[in-house]
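Student: I would like to go through the terms used for this structure and see what each one rests on. Please set the values against the definitions.

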Amino acid sequence: MAFVIIKPKRDKSLKRKHPWIFSGALAKKKGHAAAGDTVDVVDTRGSWLGRGAYSPTSQIAVRIWTFDPNEPVDRAFFRHRLKRAIANRHDLKKGGRLNALRLVNAESDGLPGLIIDQYDRFLVCQFLTVGVHAWKPVIVEELQDLIIADGIFERSDSPVLGKEGLTHSVGPLAGKAPPDRIAIQEGDFRYLVDVRNGHKTGFYLDQRDNRRQVGHYASDRDVLNCFCYTGGFGVAAMAAGARTVTNVDISAGALDLARENMALNDLDSERVTYLQADVFKQLRSFRDAARQFDVIVLDPPKFADSRQQLERASRGYKDINLLAIKLLRSGGYVFTFSCSGLMEPSLFQKIVSDAALDAGRDTQIIQRMSQAADHPTSLNFPEGHYLKGLLCRVW
Ligand code: SAH
């Protein structure tokens with residue numbers, strides 16, 4: 001097996017079992033290793049540090065599979081990791097009213113670059129690094145053995161693939177091809193998911209707990225659901241007895257599915273409005289029209305993909321939070337989120353705080369929100385915590 005030598009003093013994160021080695025930390029590579037091949041990682045004195053997948057094009061040159069020198073990276077390794085990740089979700093499924101969840105959450109489940117989401121009887125996978133890409137046939141075979149599914153579908157079409165030198169790959173991997181819409185059950189709610197064309201693998205499973213939370217505050221209230229996508233928060237609000245729900249998104253396709261989701265849950269469509277609009281502009285129109293709401297959800301797309309974009313992203317978050325806070329009646333609530341991993345929770349809180357100050361409104365945080373339990377964060381991989389939310393009461 002080829003091996004790579006880490007520069008002196010660049011082994012700190014590895015000793016803390018962080019799975020990434022940046023290309024700048026590599027002193028040398030010995031032997032031949034192609035993209036995705038397994039390499040051993042040693043320090044300049046020859047001490048063994050880990051074993052991982054080699055990626056020649058990425059800034060992350062190695063992603064560690066194992067910190068155990070006696071653990072080979074083979075079929076049994078993948079079977080074991082998959083089995084463990086799936087077993088870890090059993091508690092979540094107790095009660096039997098949940099048939100859509102993330103089964104494998106990449107680095108945080110010890111499988112860098114691999115996402116596997118279950119939507120009822122279909123599995124949807126993303127192979128986002130050369131390491132998991134190389135093991136794709138083995139992973140698909142083991143999955144078929146571990147889980148009863150009608151079909152396994154691939155949605156490797158994220159922009160991050162380019163960094164790994166990979167191209168998009170979308171289509172069935174095993175079994176039946178999924179239908180155009182899969183109906184999923186999430187507690188009291190049902191949703192239709194388009195796993196072929198939807199965002200990520202089709203649905204924002206990570207917001208599951210927060211949907212329920214919106215329901216707790218929605219009864220008899222006017223709810224504005226910004227960046228609504230397929231209307232997840234809107235369904236939760238209407239089911240809880242909201243007076244009105246206003247769903248806003250720029251995508252007509254997302255709004256169509258949001259309408260279907262409302263109907264699927266037998267909710268009163270007369271009290272729901274769908275606006276195809278840019279949220280930044282729509283919030284200004286509401287302001288100019290002196291429209292007010294009691295509950296506002298702000299769940300924008302990722303505003304920052306790189307550190308260079310953080311400042312611009314911060315301005316974006318500040319803008320929508322300021323406008324939204326101004327639209328709230330006294331005693332109203334804003335559920336405000338950021339799914340940009342690069343945006344630290346403390347910076348996000350500062351931005352919301354600045355927005356509240358500029359809006360001239362007294363604001364309390366009454367709850368901090370995060371991603372659902374099927375999107376765990378390994379303590380060795382803090383980057384795995386990407387979704388942050390603040391539930392604020394505004395006076
Ligand atoms: N809240 C959703 C997920 C939001 S994903 C849920 O819980 O399912 C982000 C959404 O923002 C996408 O549907 C995208 O179409 C929409 N979007 C992106 N930029 C927008 C903009 N400027 N104005 C309105 N919608 C936008």
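**Terms and values**

Student: What makes strand E18 (residues 328-338) largely enclosed by the rest of the structure?

Tutor: Nine of the eleven residues of E18 are buried, so the strand is largely enclosed by the rest of the structure. Buried means under 20% relative accessible area, exposed means over 50%, and partly exposed lies in between (1.4 Å probe, protein chains only). Strands (E, at least two residues) and helices (H or I, at least four) are DSSP runs, numbered from the N terminus.

Tutor: Some conventions first. This is a predicted model, in which local features need pLDDT of at least 70 and side-chain atom pairs count only at pLDDT 80 or more, while totals for chains, interfaces and linings use all residues. Residues are numbered from 1 along each chain as its sequence is written, and side-chain values use heavy atoms, with hydrogens and water left out.

Student: Which way does strand E17 (residues 293-298) run relative to E18, parallel or antiparallel?

Tutor: E17 and E18 run parallel and are joined by five bridges. Two strands pair if DSSP finds at least two bridges between them, so five bridges meet that condition. Within this pair, Ile296 stands opposite Val334 in E18.

Student: Why is Thr246 counted as buried?

Tutor: Thr246 has 3% relative accessibility, so it counts as buried. Thr246 is found in strand E15 (residues 244-249). Leaving out residues up to four places away in sequence, Thr246 touches Val223, Leu224, Asn225, Thr273, Leu275, Phe286, Arg291 and Phe293. Contact here means heavy atoms within 4.5 Å.

Student: Why is Phe280 called partly exposed?

Tutor: The relative accessible area of Phe280 is 23%, so it is classed as partly exposed. Phe280 lies in helix H9. With residues up to four places away in sequence not counted, Phe280 touches Phe227, Phe303, Gly316, Asp319, Ile320 and Leu323. The C-alpha atoms of Phe280 and Ala324 are separated by 9.8 Å, and these residues are 44 apart along the chain.

Student: What makes helix H9 (residues 279-288) and helix H10 (residues 310-327) roughly parallel?

Tutor: The axes of H9 and H10 come within 10 Å and cross at roughly 25°. Angles under 35 degrees count as roughly parallel, over 145 as roughly antiparallel, 65 to 115 as roughly perpendicular and the rest as oblique. H9 and H10 are therefore roughly parallel to each other. Axes are lines fitted to C-alpha atoms, for helices over the stretch in contact, and angles run from 0 to 180 degrees between N-to-C directions.

Student: Which residues make that contact?

Tutor: From H9 they are Val279, Phe280, Leu283, Arg284, Phe286 and Arg287, and from H10 they are Gly316, Asp319, Ile320, Leu323 and Leu327. By class there are seven nonpolar, one polar and three charged residues in the contact of H9 with H10. Ala, Val, Leu, Ile, Met, Phe, Trp, Tyr, Cys and Pro count as nonpolar, Asp, Glu, Lys and Arg as charged, and the others, Gly among them, as polar.

Student: Why is helix H2 (residues 75-88) called oblique to helix H5 (residues 136-146)?

Tutor: The axes of H2 and H5 come within 10 Å and cross at roughly 50°. That angle makes H2 oblique to H5. H2 passes H5 in a right-handed crossing, whereas H9 passes H10 in a left-handed one. A crossing is left-handed if the near helix is turned anticlockwise from the far one by less than a right angle, and right-handed if clockwise.

Student: Which residues of H2 and H5 meet?

Tutor: Arg75, Phe78, Arg79, Leu82, Lys83 and Ile86 of H2 meet Val138, Ile139, Glu141, Glu142, Leu143, Asp145 and Leu146 of H5. The contact of H2 with H5 has seven nonpolar, no polar and six charged residues.

Student: What makes strand E2 (20-22) and strand E3 (26-30) edge strands?

Tutor: The open sheet has six strands in the order E2-E6-E5-E4-E1-E3, with mixed pairing. E2 and E3 each have a single partner strand, so one side of each is left without a neighbour in the sheet. The twist from one strand to the next averages 35°. Inside this sheet, four bridges join strand E5 (residues 48-54) to strand E6 (residues 60-66), and these two run antiparallel.
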